[in-house]
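Visitor: I would like to learn how to read the helices in a model like this one. Could you take me through it step by step?

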Amino acid sequence: MITRLKQRMIEQSGLKNIHEKLENGARLAEQDALRLYEVRDLNVLGLLANIIRERKNGSRAFYILNRHINYSNICILSCQFCSFAKKRRDAGAYEFTIEEMAGKTSQALQLGITEIHMVGGLHPSWKFEHYEEMMRAIKSIDPKLHLKAFTAIEILHLAWIGKLKIQEVLERLRTAGLDSLPGGGAEIFSQRVRDQICRGKESAEEWLDVHRTWHRMGGRSTCTMLYGHVETIEERVDHLRKLRVLQDETGGFTAFIPLPFHSENNRLSHVPEPTGFENLRNLAIARLYLDNFDHIKCYWISHGLKLAQVSLSYGVDDIDGTVLEEKIYHMAGATTPQEQTAAELVKAIRETGRIPVQRDSLYREIPVPPISIPCNDRRYNGEKYWCGSGSKR
Ligand code: SF4
């Protein structure tokens, strides 16, 4: 039930029909999504998105203890929006050895992480077996650690270098330790846009086919949309529609993660970045349109932790994790920190009135032991803040 005041806000915004659809559990059409993108009253969008957010997840807000490993930025492609990729002889090109990756994993395990999130460039000379070895080396440190690795674009690259079918690549990687796929590389599905921002990259159909194959094998994955550059609103809605169709078919996506374009150090630096208003509007519309997705994530690295907090009232139920080291957005000018402690994530969530829930990679709640990770955060005036439980002791 919503109050009369909220009812009036909805009517004044001309969204009564859409509100009725939502109340009746009816699916929004593409025209409805386009209509929502015309709305200037962000609070009304938040109000509507919050109805669905709370219907699906109550007041819970998820976070995860994870570590990112961007194994190399050396890449055979030169996507126009990308600030991360380098050619082998460029200043700033790097590649981690397997020993280095194992060392980063071991260190992070001491902080209680449950997931390694690993993506990188399309390396020109690494063999397929090298990627299997990476997986095995990390998995052998802790077999319970969840390995989320390789975007669909990397999987297609591995199929090419290994002369393998997509399913064979996924099966071999799974045997080596792969647990789930991250959702990067989707960008915007429109070929018109791909020709402008990532010429030479695989098509939407190829990206979707990797996830379809993985889902049919019983695997789970996330999905993304890189927005706020040269795409039209219609192309954004078309992107969401294609994701919703695949989700209807397989049910394999755990979450949708919209990624705002960052403009520093790339060939689209003349394109203005999306604003905070645009980011919140986009998150809210995703929550309303993607009725078959359980979770909408606001990745704090890309949006900032402050906006991620606000987004918890605009359809979002997950702000991602501790991360520890991030290169892709930071090379594009992100001014967010490289990491958050669990305590900071818990505090950020609690401030908004939501209930912090530590999750695993598949959104299962992790019961937090009474004593978890002590964090000596100065903002707590020297008091110890026990991250997992979210309570001071
Ligand atoms: S976005 Fe990915 S594929 Fe494109 S240049 Fe950057 S690292 Fe390479």
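Visitor: How are H6 and H8 oriented to each other, roughly parallel or oblique?

Guide: Please keep in mind that this is a predicted model. To judge such a pair, one looks at the angle between the two axes, and angles under 35 degrees count as roughly parallel. Helix H6 (residues 128-141) and H8 pack at an angle of about 30°, with their axes 8 Å apart, and H6 and H8 are therefore roughly parallel to each other. Tyr131, Glu132, Met135 and Arg136 of H6 make the contact with Arg172, Leu173 and Ala176 of H8.

Visitor: At what angle do the axes of H1 and H4 cross?

Guide: The axes of helix H1 (residues 4-12) and helix H4 (residues 42-57) cross at roughly 120° and come within 10 Å, so H1 and H4 are oblique to each other. Their crossing is left-handed, and the contact involves Lys6, Met9 and Ile10 on H1 together with Asn43, Val44 and Leu47 on H4.

Visitor: Which residues of H10 are buried?

Guide: A residue is called buried if 20 or more other C-beta atoms lie within 10 Å of its own. In H10 the buried residues are Trp207, Val210, His211 and Trp214. Because these buried residues fall within an arc of 90° when seen down the axis of H10, they line one face of the helix.

Visitor: What do the buried residues of H10 pack against?

Guide: They pack against helix H7 (152-162), helix H8 (166-176), strand E5 (180-181), strand E6 (220-227) and helix H11 (233-250). After H10 comes Gly218, whose phi is positive, near 90°.

Note on methods. Residues numbered from 1 in each chain as written. Predicted model: local features only at pLDDT ≥ 70, side-chain atom pairs only at ≥ 80, totals over all residues. Buried ≥ 20, exposed ≤ 12 C-beta atoms within 10 Å, placed from the backbone. Helix = DSSP H or I, 4+ residues; strand = E, 2+ residues; numbered from the N terminus. Arc of directions from axis to C-beta. Contact = placed C-beta atoms within 7 Å. Axes fitted to C-alpha atoms, helices over the stretch in contact; angles between N-to-C directions. Parallel < 35°, antiparallel > 145°, perpendicular 65-115°, else oblique. Left-handed = near helix turned anticlockwise from the far one by under 90°.
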